Amino acid sequence: TCSGPLSTDCLSCSSADAAFLRGSTCVGECLDSEYVSQLGGSTVCEPCHESCLECSGPGSTACLSCDGNGTLSFFDDSSCVSACPANKFEGENRTCASCD
């Protein structure tokens with residue numbers, strides 16, 4: 001459905017080729033920096049929390065990866081943190097790993 005004649009006037013998306021609503025435009029898939037959400041019967045691309053590079057949902061505890069160049073560049077249990085906690089160390093790929 002739409003609110004006007006332009007491809008950027010979408011309210012919902014029904015095409016299999018562009019089933020996701022990003023803002024007011026139908027797109028084929030969400031970006032890595034977005035997660036899929038249901039909103040009023042529409043499948044919507046929502047932005048990840050600012051600390052996440054990729055995510056599975058809203059909030060800072062749904063990160064799948066972190067921006068290695070930012071201040072919150074270490075990945076610890078689905079969150080991006082500035083440094084690994086005292087009981088963990090920096091493992092592979094800037095991931096916080098538990099001490100044995």
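How many residues lie between S3 and S4 in their hairpin, and which residue in the turn has a positive phi?

Modeller: This is a predicted model. There are two residues between S3 and S4 in the hairpin, and the turn residue with a positive phi, about 60 degrees, is Gly 40. Strand S3 covers residues 34-39 and strand S4 covers residues 42-47; the two run antiparallel and are joined by six bridges.

Most residues other than glycine have a negative phi. Ser 78 is not a glycine, yet its phi is positive, about 70 degrees. Ser 78 sits in the loop between strand S7 (74-76) and strand S8 (79-81), and it counts as partly exposed because its relative accessibility is 30%. Asn 93, another residue other than glycine, has a positive phi near 55 degrees. Asn 93 belongs to the loop between strand S9 (88-90) and strand S10 (96-98). With a relative accessible area of 73%, Asn 93 is exposed.

A disulfide joins Cys 30 to Cys 45, with 2.0 Å from S to S. Cys 45 is in strand S4 and Cys 30 is in the loop between S2 and S3, so the pair ties together parts that are 15 residues apart in sequence. The torsion about this S-S bond is about -90 degrees, so the disulfide of Cys 30 and Cys 45 is left-handed. Both Cys 30 and Cys 45 are buried.

The count of disulfides comes to six. Among them is the one between Cys 13 and Cys 26, at 2.1 Å from S to S. Cys 13 lies in the segment before strand S1 (20-22) and Cys 26 in strand S2 (residues 25-27), 13 residues apart. The link of Cys 13 and Cys 26 is left-handed, with -100 degrees about the S-S bond. Cys 26 is partly exposed, at 22% relative accessibility.

Another disulfide joins Cys 66 to Cys 80. Cys 66 is in strand S6 (residues 63-66) and Cys 80 in strand S8, so parts 14 residues apart in sequence are tied together. Cys 66 counts as buried at 12% relative accessibility, and Cys 80 counts as buried at 7%.

In sequence order, the bonded cysteines pair as 1-2, 3-4, 5-7, 6-8, 9-10, 11-12. Cys 10 is in no disulfide; its nearest cysteine sulfur, that of Cys 26, is 3.5 Å away.

Conventions:
Residues numbered from 1 in each chain as written. Predicted model: local features only at pLDDT ≥ 70, side-chain atom pairs only at ≥ 80, totals over all residues. Heavy atoms only, no water. Pairing = 2+ DSSP bridges. Helix = DSSP H or I, 4+ residues; strand = E, 2+ residues; numbered from the N terminus. Buried < 20%, exposed > 50% of the residue type's maximum accessible area, 1.4 Å probe, protein only. Disulfide = S-S within 2.5 Å.
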